[in-house]
Amino acid sequence: MKQRELLALFALGLILLGLPLAVLGYQYWLRPALSPNRIIDIAARVPEQAGFAPDAIRVAVGETVTLRFASMDVTHGVAIGPGLGVDLGPIDPGQVKEITLSFDHPGIYTYYCTTWCSPDHWRMRGTIQVSDPANPDVVPAAQPDRVIEALIAEGIDIDAAHTPPAEHADISILAFQPSAQRGELVIAGGLDVPAELRDPVWRQSHTPAQALELLTGQNPATSERDRLDAIAYLWTQDTADEALATGKRFYNQNCAACHGQSGGGDGPAAATTAEEPVAFSDPGYMFERRSDVLYAKIRRGGMGTGMPNFGTLFTPEETWALVRYLWTLTFGTPPRTHTG
Ligand code: HEC
Ligand SMILES: [Cu+2]
């Protein structure tokens, strides 16, 4: 009897141990041995415990690699940018997710966590250096950003701390929530819109407050509400649905934890930052903002404020999509009544 029990226990032990061993053996020995391409295993832990390991990998142009992400502690999420559109979604503890890809050009890409896993979550990033096999030692240079260069040439200090909204804004603006929806009707009703305000390039480098001044000069008899609504419309109208959807997806994944889902500056992680996250839903604050400066801040981050830099995660186009989405948090979604 005793012996049979022991035997049964032994058999059970073999099964309990053997199954995971077989899985591991397949994953880390058989599968790599059979795989036609290189498999790179990347362990994901909260940044306080080293984040991604490894946090830098090198790939040659044209090489096909499989990146295999395993979560070792809590639920993480993995996306790779800029501009690759790779999003593996959440990865639960013990789970493994992989992507097989290759790169056509030398460059630097970033894999990053998309789930708020810890207070240092946004530091959870790793780089993929794609180099030319002919010149493997040449580190691909970052492209200069023309928008940021133009701001610097203009003498704007992107790294300057922003002025708190209360000291800044026009009280009349704060008392009222401008609406893009109503603004369209105001403009359709015959408001005289100065040419600059119709120009997307001008709007990009000017604040709604500056636009309001021009609009008021041209339409002194119109009510201030109508003028504010018109600005709200102008600042959101040329956002294509597609860009808006991209901006929203990126925002909810990467920004809402601090800035709040609807832009109130009140996300669950807002309390962890050195400075208070900006409230994009506050028109009084946003009336004093320029789109190109918002763009630059997103790409470069705010030194010491707790605002991360996102320039290595998003393309310039993706960053603009984010800026456009921010304006809809202020002014609402533009009406979509036109077809062609
Ligand atoms: C870890 C928290 C955190 C996350 C995540 C975060 N931000 Fe911020 N953000 C801040 C803080 C704090 C500030 C305030 C910095 C300051 O005082 O100028 C800020 C400032 C900004 C500003 C500058 C506003 C201005 O007027 O100067 C922009 C634009 C911005 N964030 C956009 C974003 C976007 C877009 C994302 C996501 C892609 C994002 N933020 C993610 C914390 C965060
Ligand atoms: Cu994370």
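**Entry 1: strand S5**

How many of the six residues of strand S5 (residues 76–81) are buried? I looked this up in a predicted model, in which local features need pLDDT of at least 70 and side-chain atom pairs count only at pLDDT 80 or more, while totals for chains, interfaces and linings use all residues. Residues are numbered from 1 along each chain as its sequence is written, chains are lettered from A and ligands numbered from 1 in the order in which they are written, and side-chain values use heavy atoms, with hydrogens and water left out.

I find that six of the six residues of S5 are buried, so the strand is largely enclosed by the rest of the structure. Buried here means under 20% relative accessible area, exposed means over 50%, and partly exposed lies in between (1.4 Å probe, protein chains only). Strands (E, at least two residues) and helices (H or I, at least four) are DSSP runs numbered from the N terminus.

I then noted the directions of the side chains: His 76, Val 78 and Ile 80 point one way from S5, Gly 77, Ala 79 and Gly 81 point the other way, and all are buried. In a regular strand the side chains alternate between the two faces of the sheet.

For the neighbours I used the rule that two strands pair if DSSP finds at least two bridges between them. S5 pairs in the antiparallel sense with strand S6 (residues 86–91) over five bridges, Ala 79 having Asp 87 as its bridge partner in S6. S5 also pairs in the antiparallel sense with strand S8 (residues 107–113), over four bridges, and here the bridge partner of Gly 81 is Thr 110.

S5 and S6 form a hairpin with four residues between them, and Gly 83 in the turn has a positive phi of about 75°. Pro 82 lies in the loop between S5 and S6, and the peptide bond from Gly 81 to Pro 82 is cis, with omega near -5°.

**Entry 2: the open sheet and its loops**

I traced an open sheet of four strands in the order S2-S1-S4-S7, with mixed pairing. Strand S2 (52–53) and strand S7 (96–101) stand at the edges with a single partner strand each, so one side of each is left without a neighbour in the sheet. Strand S1 (residues 38–44) and strand S4 (residues 65–71) pair in the parallel sense over seven bridges, with Val 65 in S4 as the bridge partner of Arg 38.

In the loop between S1 and S2 I found Ala 50, which has a positive phi of about 90° although it is not a glycine; Ala 50 is exposed, with a relative accessible area of 55%. The peptide bond from Ala 53 to Pro 54 is cis, with omega near 0°, and Pro 54 lies in the loop between S2 and strand S3 (56–60).

**Entry 3: metal sites**

Donors are taken as N, O and S atoms within 2.8 Å of the metal (3.2 Å for Na, K and Ca); water is not among the atoms, so sites may look incomplete. Which residues are the protein donors of the iron atom of ligand 1? They are His 259 (NE2) and Met 307 (SD), lying 2.0 to 2.1 Å from the iron atom. The pair links distant parts of the chain, 48 residues apart, with His 259 in helix H11 (residues 256–259) and Met 307 in the loop between helix H13 (291–300) and helix H14 (316–331). His 259 is buried at a relative accessible area of 10%, whereas Met 307 is partly exposed at 26%.

The copper ion (ligand 2) has Cys 113 (SG) and Cys 117 (SG) as its protein donors, lying 2.0 to 2.1 Å from it, and both Cys 113 and Cys 117 are buried.

**Entry 4: nonpolar core**

A nonpolar core is a set of buried Ala, Val, Leu, Ile, Met, Phe, Trp, Tyr and Cys residues joined through side-chain atoms within 4.5 Å. Of the 50 residues in the largest one, Leu 197, Ile 231, Trp 235 and Tyr 251 touch the most other members. The largest share of this core, eight residues, comes from H14.

**Entry 5: confidence**

I checked pLDDT, the predictor's confidence in each residue, from 0 to 100. The chain averages 89, and 94% of the residues score at least 70. Over residues 165–169 the pLDDT is below 50. Where pLDDT is low, the predicted coordinates should not be read in detail.

Key. Contact = heavy atoms within 4.5 Å.
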